[in-house]
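Trainee: I am new to reading structures. Can we go through one together, feature by feature?

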Amino acid sequence: MVNGLGSLARLSPDRAPGAPGTLLARSTMGNLRVPPRPERIIRFGRNAPEFDTEVHLAVGVDDARVSRRHGELTFRGGNWWLRNTGQQLVRLPGGQRMHASTEPIPLASGYTPVFVQGTGYREHLVELFVTGHETRRTAPPPGSPTLPPERWPLSDDERLLLVTLGQDYLRYTADPRPWPYSQASRLLAVLRPGEIWSERRIEGRVATVRKRLHESGRFPYKVMLGEHDPCDNNLLHNLLTGLVASTTLVPPDLDLLD
């Protein structure tokens, strides 16, 4: 039997008792605490547990796009494995998506939010927390300084170029894409008359930034071509996404284009 923890106010290290591998799960409809037992299976979906004994956690009960049994977590080999069993996609941090045909993925220790796609733009949240060997963290004292995000150094030319290419990202538009090099070249010719900003030069400068950030070993997005990468434009998207997410590039940088 799965034990619900009605007193679990939030999924956090301080409130995640149990042996390493203990799973805590929460939706707006309830929460669970599950010890790590081989081949243990936990299911979540639109069906509430009181109506379907095969479902342990209800999610999206008012949304017919959510499958009655939309996902499951199985403990094996020392890990909890997440699988999408529904018709709609499941979204994970970093934009990773899972289809019903996607292979199960292991959950890392700590917190993982899982978003179940519903009707229209609706998404339904399932919060997961897997207890690790060291889960209790010391909270920063009140008034302690906030740790800033890691921002990446850029030269003035690099910043102007990346702002030009990443205008949609800095306006926080839905599904942003980089400006084409040809379009950026024309705008830069206006902003920097007398300088040569050919498409080839733009490509070279972008490649230099990508290489530098990749070699740092800390940039969280893939920005270098691999053997099976489809095209360079995807890596430029990753570059701009990472620079905006880290606040290396911020909306006031758009003033450079005036």
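Mentor: Start with Thr112, which is buried because its relative accessible area is 13% (buried means under 20%, exposed over 50%, partly exposed in between, with a 1.4 Å probe and protein chains only). This is a predicted model: local features need pLDDT of at least 70, side-chain atom pairs count only at pLDDT 80 or more, and totals for chains, interfaces and linings use all residues. Residues are numbered from 1 along each chain as its sequence is written, and side-chain values use heavy atoms, with hydrogens and water left out.

Trainee: Which residues is Thr112 in contact with, leaving aside its neighbours within four places in sequence?

Mentor: Contact means heavy atoms within 4.5 Å. With those neighbours left aside, Thr112 touches Pro93, Leu107, Val126, Glu127 and Leu128.

Trainee: Where is Thr112 found?

Mentor: Strands (E, at least two residues) and helices (H or I, at least four) are DSSP runs, numbered from the N terminus. Thr112 sits in strand β10 (residues 110–117).

Trainee: What lines the largest pocket?

Mentor: On a 1 Å grid over the protein atoms alone, a pocket is an open set of points where a 1.4 Å probe fits, with protein on both sides within 12 Å along at least five of seven lines; lining residues have an atom within 4 Å of a point. Here the lining is Arg91, Gly94, Gly95, Arg97, Asp175 and Tyr221.

Trainee: Which residues line the second largest pocket?

Mentor: Its lining consists of Tyr169, Tyr172, Thr173, Asp175, Pro176, His237, Thr241, Val244 and Ala245. Helix α5 (residues 232–245) gives the largest share, four residues.
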